[in-house]
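User: Please examine the following structure with me, taking the interface, the charged pairs and the strand pairing in turn.

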Amino acid sequence: MRTLRFLLQKEFRQIFRDPSIIRLIFIMPIIQLMILPWAADYEIKNIKLSVVDKDHSDYSRQLISKITSTGYFQLAVYTNSYPEALQQVEKGNADLVMEIPASFEKELVKEDQATLFLAMNAIDGVKANLGSAYLRSIIQDFNREVRLEWIQFPRFSPETQIEITSSNWFNPLMNYKYFMVPGILVILLTMIGVNLTAINIVREKEIGTIEQINVTPVKKFHFILGKLIPFWLIGLLVLTIGLTIAWLAYGIIPVGSFVTIYIFAAIFLLAVLGLGLLVSTYAENQQQAMLVSFFIMMIFILLGGLYTSIDGMPEWAKWITRFNPVAYFIEVMRMVVLKGSGLADIKKHLLIMFGFAVVLNSWAILNYRKRS
Amino acid sequence: MREVKAITTNKLTKQFGDFTAVDAISFEVNKGEIFGFLGANGAGKTTAMRMLCGLSLPTSGEATVAGLDVYKENEKIKRSIGYMSQKFSLYDDLTVKENMQFYGGIYGKSNAFIKEKTAFILDHLHLQKEANALVKSLPLGWKQKLAFSVAVFHEPEIVFLDEPTGGVDPVTRREFWNMIYTAAANGTTVFVTTHYMDEAEYCDRVSIMVDGRIDALDTPKGLKEKYNASSMDEVFLQLARKATRAAD
């Protein structure tokens, strides 16, 4: 125990003397949580619309003003030639082309039926899909208004109609920030956990101090614990800073209890720190450690369910996410923060995470050899 | 009772794949002796030393350090030895005092011992003013002397020094050897590698490694007589020229 105390004392002295670690602990969470949630937005705004108006009627103008007043679309080009509108798409000045035919108003009034043509730039698939979906619903809305103007509805509709109303549980306003912030916080903890530990031990390898430790009777277990405990505490500190920012900047207060979050985070941190240790036992120098942990982080983030729903992934990808501790934590964070889940609800997640922690740390201790 | 040797090896060998870095070396080091371990770059000195310190597992052969077996009792050996590697390996983001406290602590020394010993070393090296300075701010010569002091801080039976005076000025080298003599006079066995032949003259006995083998082992005087040379420099050149292995 006394040996461990000396190891910890040394680690803390080194950490607090390193200005880059202090910056990492305080500035990284602030920047990530203040900027990313605003940029990583699922809603598409400012879609540049190019209108080919061959009708120049009252209705066509009404339709255009209805579209632009939603805030989702910007009228980028207004012309009466389709080739010209398409050219603007090619130049990147417009994302969507809506063509209003010459007889639009006449047909709408007389024939009770009119056609519109939409063309979209599908290079950014998400934008094209969402943009056309928004536009469709705006046009349908417009359509209903026009019908109301011209047709007197009978008291009872002759056709059966299903009207859908929905209510969003757990996130009533569908505020994506409630959804993103807990996820980003998880990524933050993972990055700090994996990178700091990996780099720290590899640096001792590079400088040669690890060899000096290896000729001492210090036990492997003590040495690893001496590395784990400081970064574990730093991780919990970063979590605290992150939760504070989530509250101050976004008004996010977990519906569930902080105790649940901290218990899970404590075990999660053990797992990712173990991973960092493992990387460091294999890596020869800091570049290797950085590249490997960067590679792992990419997989963790893309297969973690932060940006894309895991349920929507193909089977093989879903199977991979089962080995991704980040995916479990993101799910747990969202469950606790938004739904208010308690320890009993995340029992399975806790057990799996505990398994990760045990396996990764034992592997790291086994692979760390004092004698080559 | 037969006196236990500080170090004994019998056909100690280390292979890396096809390459035999250390080729069946056998020698003994007496207690309290200053044993010079010479050889050209790449002759296998560091590898041999690393096996004795428990940093590298021998491929074959036998060895004991402080009467303990290097295969089975390597962790026990570590209590009895000090080691100063070629690379400077104190924590340069810790202060002089903190380094001594740390190394004393992990060898299980008491706080009173650490305090007393630290004061003694600071006094001895005239480093009282620098006690709270970060090690990285010290000049190389001082760092090396400090590294030696830290290597013998826990008062080991045997201390291994791997080219301890590389890149150090002649005055500091002389001071460094005074420290080695003091340690030896207090009963510590010193196992030292060097490239400086004047330093070889200071050793009680010297071995010269060529291509992983020990080609000569005697007192400096005995070696000079045997090879009919006026200095250790000549002895070394005669032996090292036979080497076929490329220096690293």
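Analyst: A salt bridge is here a side-chain nitrogen of Lys or Arg within 4 Å of a carboxyl oxygen of Asp or Glu. The model is a predicted one, in which local features need pLDDT of at least 70 and side-chain atom pairs count only at pLDDT 80 or more, whereas totals for chains, interfaces and linings use all residues. Residues are numbered from 1 along each chain as its sequence is written, chains are lettered from A and ligands numbered from 1 in the order in which they are written, and side-chain values use heavy atoms, with hydrogens and water left out.

User: Which residue of chain B meets A:Arg203 in a salt bridge?

Analyst: Helices (H or I, at least four residues) and strands (E, at least two) are DSSP runs, numbered from the N terminus. A:Arg203 lies in helix 7 of chain A, and its partner is in the loop between strand 6 (81-84) and helix 3 (96-106) of chain B. Nitrogen and oxygen are 3.8 Å apart, and the partner is B:Asp93.

User: Is B:Asp93 buried or exposed?

Analyst: Buried means under 20% relative accessible area, exposed over 50%, and partly exposed in between (1.4 Å probe, protein chains only). A:Arg203, at 31%, counts as partly exposed. B:Asp93 has a relative accessible area of 14%, so this residue is buried.

User: How much area do chain A and chain B bury between them?

Analyst: Contact (heavy atoms within 4.5 Å) involves 28 residues of chain A and 36 residues of chain B. Buried area is the accessible area (1.4 Å probe) that two parts lose on being put together, summed over both. Carbon and sulfur atoms carry 50% of the total, which is about 2,800 Å².

User: How many salt bridges are there between chain A and chain B?

Analyst: Over all chains the count comes to 26 salt bridges. Between chain A and chain B the count is five.

User: Which element gives the most residues to the side of chain A that touches chain B?

Analyst: The elements that give two or more residues to this side are helix 1 (2-17), helix 7 (176-207) and helix 8 (209-214) of chain A. The one that gives the most, with 10 residues, is helix 1 of chain A.

User: Is A:Glu315 buried or exposed?

Analyst: The side chain of A:Glu315 meets that of A:Lys318 in a salt bridge (3.4 Å, N to O). Both lie in helix 12 (residues 315-321) of chain A, three residues apart, about one turn of the helix. A:Lys318 is partly exposed at 22%. With a relative accessibility of 56%, A:Glu315 counts as exposed.

User: How many residues apart are B:Glu155 and B:Lys117?

Analyst: These two residues form a salt bridge, with the closest N and O atoms 3.1 Å apart. B:Glu155 is in the loop between helix 5 and strand 7 (158-162) of chain B, and B:Lys117 is in helix 4 (residues 111-124) of chain B. At 16% relative accessibility, B:Lys117 counts as buried. The pair links distant parts of the chain, and the separation is 38 residues.

User: What is the bridge partner of B:Thr64 in strand 5 of chain B?

Analyst: Two strands pair if DSSP finds at least two bridges between them. Strand 4 and strand 5 (residues 68-69) of chain B pair in the antiparallel sense over two bridges. In their hairpin, which has two residues between the strands, B:Ala66 takes a positive phi near 55 degrees. The partner of B:Thr64 is B:Asp69.
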